[in-house]
Amino acid sequence: MRMKLDRRTFLAGSSALAILPYVSFARAADRTNPIIALDTDIGNLDPGNRVGTTESNIIRSVCQTLVRFEPGKTSWTNDAAKEIKQISDTEFDFELNRGQMFTGGFGEMTADDVKYSFDRFIDGDKNGKKLTYADDMEALKAVEVTGKYTGKLILKHPSAALWLIGLCDASGAILSKKAVEQLGDKIATTLIGSGPMTLKEWRPKEQFVLAANPDYKGPYKPHFEELTGKIIPEHKTAFLSYQAKELDFTAFDADQLNTAKRLPDTKVIDIPGIDYTWIGINVEKGDLADLKVRQAIRWAIDVDAIIQGAYSGATSRAKTLLAPGLLGNWADAPLYTRDVAKAQALVAETGKTGLTFTFTCLNDATSLAVAQIAQANLAEIGITLTINAMDSGAYWALGADDASKDLELTLIPYTSKFDPSFQTQWFLASQIGLWNWQRWNSPEFDKLHQEGLETLDTAKREEIYINMQKLLDESASCIWITHGRNFFVDAAWLKPMFLPNGKDWQFEFFDKA
Amino acid sequence: MTRSQRTAAFIASRLASVMLTIAGATLLLFLMVRLVPGDFTSVMLGPRATPVLRAQITHDMGLDRSMVEQLWLFASRAATGNFGEDVVSHRPILDIVLDVVPNTLALAFSALALAMVVGIPIGVIAALKPGSWLDSGLALLSISFITTPTLVVSVILFLIFAIGLHWLPVAGAGNPGDIADRLQHLVLPSVALALGWVGYISRLVRAALLDTLAELHVRTLRAYGVSEYRIVGLYALKLALVPVVSILGIGLGDLIGSSVVVEIIFARPGIGSLIFNSIAQRNYPVVQACIVFIVAFYIVANLVVDMINAGLDPRIAAGRG
Amino acid sequence: MAISLRNLSVNYSLQQGTAHALRGVSLDIEKGQMHGLVGESGSGKSTVAFALMGLLANNANVTSGTATIEGKSFDLTKRNATADLRGRGMAMIFQDPMLSLNPVFTIGTQLCEVLRRRTPGSDRKTQGAMAEDALAKVRLSNPGRRMNQYPHELSGGMRQRVVIAMALLSEPALLIADEPTTALDVTVEAQIMREIIGLRDRIGCAVLLITHSLGLVTEYCDAISVLYAGEKLESGTVRQVQRQPGHPYTRMLFDCEVPIDRERHADASQNRFTVIAGDLPDPRRRPPGCIFNARCDVSFEDCAVVSPGDYPVRNDDSHSARCLRLATP
Amino acid sequence: MSGIFATLKRICSERDGRLGLAFTCLILMFALVGPLVSPDPNAIDIKARFAAPGLAHLLGTDNLGRDLLARTSVGTRYALTLAVIIVVISSIIGSLIGIIAGIVGSWIDRAVAAVFDIVNAFPPLILAFALIALYGNGSATFVLLVTVVFIPQFGRMARARAKTLRNLSFIEAERMLAVHPITIVVRHYLPNVAGPIIVLASMNLPVVIAFEASLSFLGFGVQPPKSSLGTLIKDGFISINQSWWPTVAAALVLAIATLGATLLGEALRRVIDPKSTRAR
């Protein structure tokens, strides 16, 4: 058994009061390397089995990918690859740079390593177990090695998504075959890469330290020697910690915006999100199967009040599934501004009275605020809502085992990726019983989705996705709330960098202002 | 029987009862989890219940075998610290628990030390002049300390010293390796955790000391001219500490329990916040491992307390305590 | 040098009023002698001891009294007047040896604590040797081992020997033994008394033996004082008092003592002189006249009115009693 | 009735008792009268979010513009009600189990004692946590599960009392006369166990109040839009940058409630059971 209770920790504990608090602690002014906050700890550093964005951000900065996102953009340039040649819609040749060394003495990167890394997504891990993120590489059929540094990617079908959510992102990280085989199960906690940074230290639940990798051969040299990430689960705490100058950068919640704007030596960064939060209505459940009831609910719920009350008015309301800026955003989508008379009329048409529904949501403050506003709104048209707030574990468990069949109204927050197909897939008939909690079943929608996947022409895809959103709108199964907005406070001396969604941070591009 | 034989017999009997309690606690924990309605693999895996994982859990925990075998499997693994692999991070659960344990132990022990260092003198001072205004003032103070929930103390300390005055850090456990920093991060949480026990210990010391001072052997010492300071501070105090020490075992359990609230408020990594977060994520294997650890720690702490008391009061080991 | 106590009066303030525990009690104890102070429970005999030691309870109040010990005189009305003497000029042996030692310290530690005061500056080793020697002197078996034992490992008699050894170590001028054998087996009584005598002879101190047992007094003491309801009714040498008790109370005491002398109950409360009819007077309101009047079998009219003084018995100045019958009009 | 009056009189005869009574009355007033005179605690007014204390809202408003004074007093009422229910149920169930175990004796008694010991080996908050996480968070389930945590304390006390009573001669005599066991329990056991159980219950009330607050702070128990003291502290804590007073107000109410209940409980103990000296 490994006990880490060292003498120092113990002494520190028992003499806590002996040393009084007047010794001032490390302040921003003394710092040359940034300390930032992350709300989630590292869960698993295996790129294919990662748990959340914390790991993908680390993986992208520690490992090389064939092509790397440019700073703050969804366009990419070569990184590990010296050249990528398109042979056809489904065939690509690649050639690696020479002399790209894995840290820890695992040698030079070869095409074998690329094949090995990507094959794990196709064939599963060493035990044949499917990787959690295997679907990111769904379109990839095989990797062929043609030389020490050259190889070929063969696709099942033409795919725009493979590059955006697969090869450029953490799933595309190129691992050392030797290292993975040698590490065995430790791959979950050890990350060997050849990228701009190295994971120098990780104290679970406390912090991790990324350091510049001196051996990195690629085009992007990190600007800081070290970057420390503190694990602070609550944004509120992280924000307070930032105010106390313990941190240089953190995300914060919308309701702190005014406070943030008043802080000295601080830049407030405000990035419109591409995620989507909506109230899903189960179209199979009891009275909700009646389209008019769903429409009445849509007219009754005051989304603008929700934006004010739950999001402090700091974000704008969503009209549709795909956020502005994404391919397929439906700019002319109808806006349902609260109309109690219309809602009451619709309810009257159905002849139903004493409607009672359950509103399921997560138990965080924002969700609860949304729920309580919806509750008050619907009470005015004679619909009683019972709020069922769940912790995240119980809530997301609804996605398994058809547990969602008893849901009625549900507040659902989903994250987005840059390809619209990633968003639309959750509304397919095949997802009923899994993540399609509206249980809305439209063969037409499903057909369009498949078409969208296999189409490469941007204009054509745009049209496909707008049509899909029109179908969703007609169903009145979704009341769109917001695409979210990401707020960060940032010490004046630091210049952070993220992809346009505001969620994917590019540690390798963090810089002095 | 000689004294050492008696002590050995005492330790053996305590160990035996500790083993029984641990066995019982394991059984209870096992039943608690098994009696949850619904398919057990769904209960354990929650949102991550894929058929592959289900099969793995079924195999790992022996769900296809008899209840007795399952219990045996569970108990023997708990005894060896083999809690399996976390389905979220694929790391050994034992590692996940041990990662955070030092933080909580540092917190609990510093709170306990603080409670004793402050509580015992307050109790002694109050006992020196029973009935005086000082005594009744300290009594009210102590009882306020006891009754103010840790939640309230934490929030108020946090507001004043971390947010208001910026004297002490807001979040976390401090930089690894930087002792001063870690100490600063420990101050508020341990004070918050200790305050109730300051009050409790001081009242207990006062009561026990007054009881002891009324005993006849104190009169003997006085009759032989032993100074009042030595009587109170040495002879009576040692005897009065026996009930105090026996309560400390319970105290440690209570401190670890309350550490959940403190660790959440001060965003400290620790076993309390680990349990809380694991419950929120429905990560029951981790919750289970944490609870096994806490219960074992609690029971062992009580055993240690018994040993200390046997050292303080030789009558306990002789079975006349 | 004699030890004398003059005019000691002690009150206890109770919720129900003020109880007069002692009224004008005087005693004289010769050096090298053992003086027996006899009385029933509640007569105030232990109060005498604690007043001398300055160990009275907080609600006790010494209204008058002077003690003269080794030529120095002490005003007992002052709190802690004799504090300086504790452990040096005075020592005490208590009624209940089971409770009079601290249970969580070894015998050795507690003996050495006495020496800390008696011989300040001596090192631990010397103190240990002295303590062990004292245990040997009170004839405790295996003294070396006893030093490291705790009180609960010793029998009552052995513990009383330990307390006697403490007294021995403090080399007092006055040793007060408060019912030293009451809580012990009758068979141990003689041994303990022998140790007390031995101690007196070794140091040459005065001993005040407080007891309700006339048997003990007649067997071991040189002089005797009889206390009743806070007043001294008679005092003299044991021989004088035994031959001719001056006070009817003393006579009655002797009358009932003999038969119960050798068959005492384990419970001290059962040993009261129940044979004397009647109860003690209310300590809060002293009746006028003789304090013993209500229970006296030879009282006459004046006894209820006139408070008697101390009158010599048989014209012997060293033997006096407080009975009107002795008053020569 | 006169008994209650006499008890109150004796409680008032000392400082701690008076203080306890005063604090308790204050909190009770707040919990009972507050909701009657203040606006609807659930009325949402988005325009008045985070209003500072003023004439319209004495304690200001929360993130949905709801009156915090009203929410705090309703929350206090909720917390107190819940605590009383939990204490009453666990003391009744605990006493019954304890009495039965004490009377029946033999292996049943030893088994019950062992179960109590084992439950006590779990720190209460952690045990409650695990139970709630496993068995759900509905109001009824919540009360039931917290009750389970507190049963052993009452059970132990009742069991100890029952065992001493069992050996008393008059009960033995009645048993030999074949008086129905239920009659014996009602006639002798219940009245004799009631005193100490009432004392223990009153001493446990503040513990349960604090316990419920901790749990609701962590998100267990009460469901929105209802509020409890713990959720008020938590909600205030989340918006601590907007305003600190909602947190402090709820925290103060909680502290006064537990202090008052403790002082009153101790005074009650001194009246009912003057011999015992232990504080907890």
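**A close look at chain A**

Author: In chain A, among contacts with a separation of 6 or more, 69% are between residues 24 or more positions apart. The model is a predicted one. Chain A contains 15 helices and 20 strands. Its radius of gyration is 25 Å, close to the 24 Å given by the globule rule for 513 residues, so chain A is as compact as a globular protein of that length. The C-alpha trace of chain A spans about 75 × 70 × 45 Å along its principal axes. As for burial, 53% of the 513 residues of chain A count as buried.

Next, the domains. The assignment for chain A gives domain 1 (35–251 + 489–512) and domain 2 (276–483). The centres of domain 1 and domain 2 of chain A, taken over C-alpha atoms, are separated by 33 Å. Where these domains meet, domain 1 of chain A contributes 12 residues and domain 2 of chain A contributes 11 residues. On the side of domain 1 that touches domain 2 of chain A, six residues are nonpolar, four are polar and two are charged.

One helix of chain A can be followed in detail. Helix α6 (residues 235–243) of chain A has eight of its nine residues buried, so it is largely enclosed by the rest of the structure. Among the buried residues of α6(A) are Phe239(A), Leu240(A) and Tyr242(A), but also Lys236(A) and Gln243(A). Within chain A, the buried residues of α6(A) pack against β1 (35–38), β11 (249–252) and β18 (485–491). They also pack against α7 (150–164) of chain B and α9 (229–238) of chain D. After α6(A) comes Lys245(A), with a positive phi near 65°.

Gly328(A) lies in the loop between α9 (303–311) and α10 (340–350) of chain A. Gly328(A) counts as buried because it has 24 C-beta neighbours inside 10 Å, and the cut-off for buried is 20 or more. Apart from neighbours within four places in sequence, the contacts of Gly328(A) include Leu322(A), Pro420(A), Arg461(A) and Tyr465(A). Ala260(A) is 68 residues from Gly328(A) along the chain, and their C-alpha atoms are separated by 34 Å.

Chain A also has a contact with chain D. Here 19 residues come from chain A and 15 residues from chain D. The side of chain D that touches chain A has seven nonpolar, six polar and two charged residues. For chain D, UniProt lists residues 80–265 in an unreviewed entry as "domain: ABC transmembrane type-1". Over residues 80–265, chain D is 84% helix and 0% strand, with the end C-alpha atoms 15 Å apart.

From chain A, the core draws at least three residues from each of domain 1 (35–251 + 489–512) and domain 2 (276–483). Leaving aside neighbours within four places in sequence, Ile176(C) is in contact with residues including Ala49(C), Leu52(C), Met90(C) and Ile210(C).

Conventions
Residues numbered from 1 in each chain as written. Chains lettered and ligands numbered in written order. Predicted model: local features only at pLDDT ≥ 70, side-chain atom pairs only at ≥ 80, totals over all residues. UniProt positions renumbered as here; feature names shortened; annotations may be inferred. Helix = DSSP H or I, 4+ residues; strand = E, 2+ residues; numbered from the N terminus. Rg over C-alpha atoms; globule rule 2.2 N^0.38 Å. Buried ≥ 20, exposed ≤ 12 C-beta atoms within 10 Å, placed from the backbone. Contact = placed C-beta atoms within 7 Å. Nonpolar A, V, L, I, M, F, W, Y, C, P; charged D, E, K, R; others polar. Domains from an automatic or database assignment.
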